[in-house]
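Please keep the sequence and the three-dimensional view at hand while reading.

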Amino acid sequence: MSIPRILRSQPARRLLQHHRGHHGAARLSPTSGLPIVLGGGTLAYLQAEGDAVAVESLRLSLSALAEAAALERARLEVTRRKLGRLTSRLRLAEVRLLGAIDQRKIALMAQQQRLADVASTDPLTGALNRRALELRTAHAAESCAATGSPMTVMVCDLDHFKRVNDDHGHSMGDEVLAACAATLRAGRRSRDLVGRWGGEEFVLVLPDCSEADALAVGERLRASVADQIFEAATGPLRVTVSVGLASAVPSADRLRETVGRLFELADERLYDAKD
């Protein structure tokens with residue numbers, strides 16, 4: 001048996017010193033003497049000189065000291081457990097709060113993306129609207145100018161589209177426009193831009209694409225549109241598209257002029273294709 005720390009503390013030493021000063025020798029022993037008991041267990045033994053009343057008083061004082069220490073330890077343990085439970089609840093609440101914040105951030109980012117898409121997309125065809133296409137074309141031209149790569153502008157116009165609206169109704173016209181835009185988007189590369197320029201006219205911007213490569217792309221897209229069949233009230237309906245394109249390496253010091261000229265030249269070649 002070893003003597004517990006509480007009976008080796010400063011208050012316990014003072015009790016023993018007080019007894020020695022007034023009654024005689026007093027010490028604690030782990031093996032023999034008067035038992036100092038706490039909760040049915042013996043903590044240590046008291047060996048002390050003096051009259052029985054003084055010795056018993058010392059023993060009771062030491063026992064009371066040990067009991068008070070035990071109660072304090074129990075109280076602290078209860079407090080520690082309560083704090084532990086509170087800490088666990090706070091951590092759980094923190095995790096839930098952070099999770100809710102993350103979900104809110106994701107929702108806000110998705111909402112911002114949807115708003116950006118709405119602001120930049122033609123609602124009927126899903127292609128870029130004219131303003132968004134102009135802005136992104138400028139960025140693409142800057143990139144091509146920096147790397148010295150060619151950029152192609154391709155203008156596509158549905159042939160005789162007014163007849164589709166006149167003969168089959170605007171609802172069929174809208175269906176044709178949406179389907180043709182989907183075909184153009186499906187046939188592009190990931191970095192190519194597809195926008196609705198107005199009415200039945202679409203523009204594709206192909207960065208890092210030479211005129212020879214663009215001709216192959218344009219022919220493939222023209223054929224894909226021509227292969228589509230629409231179910232009109234009067235029977236199967238096919239439409240065709242004419243394509244004009246122009247390619248150049250954008251000039252960094254005349255960027256806007258170069259891009260504008262590409263659009264003009266592609267538009268002129270579109271009319272040549274229609275003729």
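## Basis of the model

The model is predicted: local features need pLDDT of at least 70 and side-chain atom pairs count only at pLDDT 80 or more, while totals for chains, interfaces and linings use all residues. Residues are numbered from 1 along each chain as its sequence is written, and side-chain values use heavy atoms, with hydrogens and water left out.

Helices (H or I, at least four residues) and strands (E, at least two) are DSSP runs, numbered from the N terminus.

## The sheet of E1, E2 and E3

Three strands form an open sheet in the order E1-E3-E2, with antiparallel pairing; two strands pair if DSSP finds at least two bridges between them. Strand E1 (26-29) and strand E2 (34-38) are the edges and have a single partner strand each, so one side of each is left without a neighbour in the sheet. On average, neighbouring strands of this sheet are turned by 35 degrees against each other, direction ignored. Strand E3 (residues 41-48) is joined to E1 by 4 bridges, and Arg27 has Gln47 in E3 as its bridge partner.

Between E2 and E3 there are 5 bridges, and these strands also run antiparallel. Here Leu34 has Leu46 in E3 as its bridge partner. E2 and E3 make a hairpin with 2 residues between them, and Gly39 in the turn has a positive phi of about 60 degrees.

Helix H2 (residues 52-120) lies across E1, E2 and E3 and runs at about 25 degrees to E2. Axes are lines fitted to C-alpha atoms, for helices over the stretch in contact, and angles run from 0 to 180 degrees between N-to-C directions. Contact means heavy atoms within 4.5 Å.

## The covered strand E4

Strand E4 (residues 151-158) is mostly covered, with 8 of its 8 residues buried. Buried means under 20% relative accessible area, exposed over 50%, and partly exposed in between (1.4 Å probe, protein chains only). Met151, Val153, Val155 and Asp157 point one way from E4, whereas Thr152, Met154, Cys156 and Leu158 point the other way. In a regular strand the side chains alternate between the two faces of the sheet.

## Helix H7

Which residues of H7 are buried? They are Leu255, Thr258, Val259, Leu262, Phe263, Ala266 and Leu270. Seen down the axis of H7, the buried residues fall within an arc of 135 degrees (taken from the directions from the helix axis to the C-beta atoms), so they line one face of the helix. The face turned away from this buried side carries the exposed residues Arg256, Glu257 and Asp272. Among the elements covering the buried residues of H7 are helix H3 (130-147), E4, strand E5 (193-198), E6 and E9.

## Cysteines

How many disulfides are there? The count is 0 disulfides, where a disulfide is a pair of cysteine sulfur atoms within 2.5 Å. Cys180 is in no disulfide, and the nearest cysteine sulfur, that of Cys156, is 9.8 Å away. Cys180 counts as buried because its relative accessibility is 2%.

The sulfur of Cys209 lies 9.7 Å from the closest cysteine sulfur, in Cys144, which is too far for a bond. Cys209, at 3% relative accessibility, counts as buried.
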